[in-house]
Amino acid sequence: MRSLQPADFLSNSMPARCFSGAARAALVGVLSLAGVLTAALPASAAEGAPGALPPSVRIKPLMVPVVNAGRIEKYTQVEVNLEIGDALRLGEVQLSIPRLHDAVLTAIYKGIDEGWIVRGNIANVPALRRRIDESVVAMFGKDVVTRILITPIARQSSLQ
């Protein structure tokens, strides 16, 4: 899909016929200033410019038990986003979301056992990220997932 250019609004194309001469000129000026009509945005996104977001895969929110004195008090939710370094491998990673879900949940439960997650709070985020990264590297190889974002979402009420 091609982006609109200022010339599109000056020709007899469909967008141009929708506006009168003065309105068309004003719209072209405003949209050009806003950067909407330029081809620079897609080009800068492809080049990895600061404003460009890399592709990512979101692991649906995971229910994590809040354990206190060996018993589950309540549950909290954690969401994990994986930034994909190689956009060509995005489809492969998306197809593996069920396996990723299992690997992340396994890492979180390991984190509870190791004391990285205490009463629902992630006390050792780097260790948990390392554990998730080890699982991802085992699945896809090195440098496919470049960043791991772990976000606490919500806490559930107690089980009583």
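Helices H6 and H7 cross in a right-handed sense, meaning that the near helix is turned clockwise from the far one by less than a right angle. This is a predicted model, in which local features need pLDDT of at least 70, side-chain atom pairs count only at pLDDT 80 or more, and totals for chains, interfaces and linings use all residues. Residues are numbered from 1 along each chain as its sequence is written, and side-chain values use heavy atoms, without hydrogens and water.

Two packed helices are described by the angle and the distance between their axes. For H6 (residues 97-114) and H7 (residues 125-140), the axes come within 9 Å and cross at roughly 150 degrees. H6 is therefore roughly antiparallel to H7 (an angle over 145 degrees). Contact here means heavy atoms within 4.5 Å. On the H6 side, the residues in contact include Leu100, Val104 and Ile108, and on the H7 side they include Leu128, Ile132 and Val136. The residues of this contact divide into 10 nonpolar, 1 polar and 3 charged.

The largest nonpolar core has 26 residues, and Val80, Leu82, Leu100, Ile108 and Ile132 have the most contacts inside it. Such a core is a set of buried Ala, Val, Leu, Ile, Met, Phe, Trp, Tyr and Cys residues joined through side-chain atoms within 4.5 Å; buried means under 20% relative accessible area. H6 gives the largest share of this core, 6 residues.

Apart from residues up to four places away in sequence, Val80 touches Val57, Arg58, Ile59, Val104, Ile148, Leu149 and Ile150. Asn81 lies in strand E2 (residues 71-84) and is buried, with a relative accessible area of 18%.

Methods. Axes fitted to C-alpha atoms, helices over the stretch in contact; angles between N-to-C directions. Helix = DSSP H or I, 4+ residues; strand = E, 2+ residues; numbered from the N terminus. Parallel < 35°, antiparallel > 145°, perpendicular 65-115°, else oblique. Nonpolar A, V, L, I, M, F, W, Y, C, P; charged D, E, K, R; others polar. Buried < 20%, exposed > 50% of the residue type's maximum accessible area, 1.4 Å probe, protein only.
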